[in-house]
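Have the sequence and the 3D view open side by side.

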Amino acid sequence: MMTTSVKKKIQKEFKEKMDYDELLNCMRCGFCLPSCPTYIETGQQEKYSPRGRIALMKGITDGVIEPDDDIAHSLDLCLGCRACEPVCPSGVKYGRLLEDARSIIQTNKKQSVPVKLLRKGIFEELFPHQNRMEKATNLLGFYQRSGLSKAVRKIGFMELFPSSMATMEKVLPEVPKRKEIKQRPRFFEHEGEKKATAALFAGCLMDTMFFSTNNATIKLLQKAGCDVVIPENQLCCGALHGHSGELEKAKQMAKQNIEAFEKEEADYIITNAGGCGAFLIEYDHILKDEPEWADRAKHFVSRLKDISAILVDLDFQNKYRLHLPEQTVTYQDSCHLRNVMQTFEEPRTLLKSIEGVHYEEMEGANTCCGSAGIYNIVEPDMAMQILDHKMEKVEKTHAKTIVTANPGCLLEMKLGIERANKSGQVRAVHIADLLLEALD
Amino acid sequence: MSSVKVKKKLNKLKEQLADIVGTENVDDTTSGRLVYSYDATPNYQSLPDLVVAPGNAEETAAVLKLCSETETPVYSRGSGSNLCADTCPVKGGVVLLVKRMNKILELDKENLAVTVQPGVITKTICDTVEKEGLFYPPDPSSMKISTIGGNISENSGGLRGLKYGVTRDYVMALQIALPNGELIRTGGKLTKDVAGYDLTRLFIGSEGTLGVITEATLKLIPKPEAQKTILALYQDIEAAGRSVSKIIANKMIPATLEFLDQDTLRAVEDFAHIGLPTDVKAILLIVQDGPQEIVDRDIKKIAEICRSEQAVDVQLAASEEEAEKLATARRSALSALARLKPTTILEDATVPRSEIATMVRAISEIAEKYNVRISTFGHAGDGNLHPTCLTDSRNEDEMQRVEAAFSEIFEKAIELGGTLTGEHGIGMTKAPYLEWKLGEAGLQVMRGIKQAIDPKNIMNPGKVFADESKERMVAAK
C-alpha cells in the first residue's frame, strides 16, 4: 500500500517531471485501442489501454486523482510493446511517457525486501557488468554441462517455481564456455568487395547466452562485405533499466556505450536484438538535457541499424543463393524492432528470398508475444495468457520454423512451443542463425 | 447529503448493481472511474461514481430500473470516441459500458439484414458482411474503434454519406432498454412498416438521453462490383469547392467526395507517409463505386470537371490497396491534426452542398477575423465540413476567440440553410446553440418527449438540453 506521504511525493514529481505537452498531445480519439494487447486480453478494460494509461498519468499530474497501487498496476501491466505508437495519428510518444511515469513511481514506492533485492541484483549488480554476465552465463553452462540440470529436473526442484519459469529453464539455449567468449577476436575482415565497416553492438544476453547468434551475425556481415569490429568496454544497452523505472542507471550505461563506439568510427552500429535497438535509438532522447552528451548521442543513433535492415541494404539476399530443405516458415515481429526501429519489411524480404521456404504470414505477427523484457517474470499470468493466444495463431500457419529477431521473443517462442507440446515438431530460431543455415 | 451518507448510498448501489451484473463487472476504483471520465472531446472531464458492464439486455434494463429508483444518472458508453462530450459523465453517477454485448447475432442473407449487439465494432460489421458479398455503408472515421451502439445513438455519418446516407438509413429495428426497466422492440426486417410512430428513428441519434440500445437489426445492400479513387489537387480552395457543386450538378453522386486543406494534408502525411501532395492548397479525394462501366465513365467525367475548375493535377489510385490507404489516411485527419497543437477543437457545421464554396470561404474569413488557426477537412460532397481549430486550452484569451469564431460559423451555417452538426451530435458542446436551429417551440417538443420517456432525467443528463441558450449574434431570419 502506498502511504499518504509517498502519494504526495509521486504527485509532486508528476507535476514537475511529466512532459505536459506530450500528455496533451493525446486527444483521446482511441485509435490506439485495437492495437493494445493488454486492453484486448483484459476484456477491453480502458485502464489497461494506452489512452487510459495516459489519462491516468494526466489525472495525477492535473491533481484530479491521487496515485494508488491500482494505478501503478495499470502501468506495470503494460508490456511496453509500443504497438500503440505507429497507429497514433497524433504521434504521441507513449513509450517515453510510460518510462517517465514508471521511473517516478519506482523511485518513490516502497518495495518488499525480496523485490528490492531482486531488482538490485538484476539492475545494479548483474546487467551493467558484462564480466558478471559472462560469469553468470558460465554458471548456467556449468549447470547444463555437469548433468546438474538433469538431476535438478529429476528431483523436481524446478516445480517449486512458477510453471512459466520452470519451463523457461528447459528452453534456455546451451551456453558457451567463458573461455570461448573471452577468446573471440575483436576484428573480422570483409569477404568479397568491401562495402562498409560495421561495429557490432554485442548486447549483454546476446553475447553470452546467444553467443552463437552473435557469431552468425558477424559471419553474415562479413559475407555482405563489411569489416566487423566489436568495440571494447561496451555493455548492456540499459533497456531493462529504462523500461523498469531505473532511468538514471540507464543513462550511465548509455554514456559508456556511446564512448565505446566513438573509439571505432564505423559506418554502422549493428544490433541483432530489436529490444536493444529500440533503446539504443532513444539515447539521444534520454540524454537530450545533458549538453555534453546530446550531440554525441545523436551521432551514435544516426548510425544504428538492425542486422536485417543492413543485409537488405547491401543486397545480401541477391548476392548469395540461400536455400533450406522444404519447410513452412513464419515470422514473429519483435515489437520494438517493428514499432520503434520501424524494421519489419526487411526480415520478411530475407525469409522470402530463401529457396525451399514457404513463407506464411501469421495473423497478428505484429503483436507482442508476451516476453516484453522481464515482463514474463514479473507479470507471468498475463504473459502466459498472451503467449497461449499467440501459439494458437502460430498453429494456424502450420509453420515448422518460427523466426524472431530478438532474444526475449526467441525464448518466449521456445517457451510457447514447450507449453503447446510441440517441441521436436516446431522450432524457434533467430533470423541470423537461419540465414547462416541457408547459406551453408 | 453528508459525505458519510453519500458513501453509504453508493456502497448500497454498488452492491445492488453487483447483484445484477456480478461483482467483477462493477468498478469503483479511482483508476477505473478516471478512465471513463472523458471521451474524445477536449476540455470535458468528470468522474463517475461507478462503472458497470451488463452482459445482456435484461441486465441492462435492470440496471436502468435501479438507477431510476435511486435517481442515479446513467451514461451509456461504447468506445468513448464521440466528439460532443456525450459520454462524459458530467453529473456523476453510473457509466454503463456495452462492451460485453459484442456479438453479431445473425446474418440474414434472405432479408439482407444483420442483427448485432451494441458493443460490436463498426468495422467488424463491415468486414463480416463484405465477406458475404454484402455491404454496410456507414463508415464514420472512427469505424475501427467505434461501436454500433454508439453510431446509432449519435446517428453517425462517414465518408460514404453522400451516396449512401448515414447510420439512420440502415437501422431497421432496435431493442431498447428504457429508464423504467422495460425492454421494447421497434421496427422489423421490413421495408414497409407504418404501425405507429417511428420509434426506431426517435431513438436513433437520441444521444443516450432516452434509453440504451441493446440490439439492432441493420439493413444491408449488395456490395458494389467495382470501385475507383482519384485525387484532384488544387492551389485555390474555392475552386475545389466549386468542383464539388459542379460534379453534383452534372448528375453524378460519387460514393465519397472528401475535402482536405493544406494543414490537414501535411499533418496526415506526417503520420501516414503515403505520399500525399503537401505543396497544394487543397485536395478532393473522390471515390466512385458501382458497375465497372459506370465507375469508369463517372471517374472520367469527374476528372474532366476537376480540370476545368483549375485542378492542377488529377491522379488515379493505382490499386485497391492504394485507394484503401488514402481512405484510411483521410480517416486519421482529426487525430493527425492534433499533432500540430495541444488542443484541437472540431466542429461539423453542415450546409446544403450547393453552398460548400461559400461556407469554405466564410470559414477562412472568420478564422482571420478572430485571429485563430482553423484547418478544414470534411465530407464536402454532402456539405458536412469539419472546421478544426488548432489551439491551446491553456491560453484563455485564445479560447474565447475560438468560441466566438465557432459561434459565427454556426450562425453562418444556419443562415445558409444548414445545421449546427451534421454527424457528431449536440451533446454538451452545442447544446447552448440548439435553439438557434430548432427554435423555442421545437425545443419544447423535444423536452416533452424526454419527459415522457425519462421523467426523472437520469439518462445522460446535461446533454442536448442546455440550462441556458446562447444569445444569437444577429437576429434570426
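In helix α14 of chain A, residues A:Ala250, A:Met253, A:Ala254, A:Asn257, A:Ile258 and A:Phe261 are buried (20 or more other C-beta atoms within 10 Å of their own, with C-beta atoms placed from the backbone; 12 or fewer means exposed, in between partly exposed). Seen down the axis of α14(A), the buried residues fall within an arc of 140°, so they line one face. The arc is taken from the directions from the helix axis to the C-beta atoms. An α-helix has 3.6 residues a turn, so residues three or four places apart point the same way. The face of α14(A) turned away from the buried side carries the exposed A:Glu248 and A:Glu262.

This is a predicted model: local features need pLDDT of at least 70, side-chain atom pairs count only at pLDDT 80 or more, and totals for chains, interfaces and linings use all residues. Residues are numbered from 1 along each chain as its sequence is written, while chains are lettered from A and ligands numbered from 1 in the order in which they are written.

What do the buried residues of α14(A) pack against? Their partners in chain A include β2 (196-200) and α17 (291-302). Helices (H or I, at least four residues) and strands (E, at least two) are DSSP runs, numbered from the N terminus.

Now turn to the two chains. Their contact takes 29 residues from chain B and 26 residues from chain A (C-beta atoms, placed from the backbone, within 7 Å). On the side of chain B that touches chain A, α2(B) gives the most, with 4 residues.

Within chain B, 14 residues of domain 2 are in contact with 18 residues of domain 4. The C-alpha centres of these domains of chain B lie 25 Å apart. Domain bounds come from an automatic or database domain assignment.

Definitions and conventions
Two residues are in contact if their C-beta atoms, placed from the backbone, lie within 7 Å.
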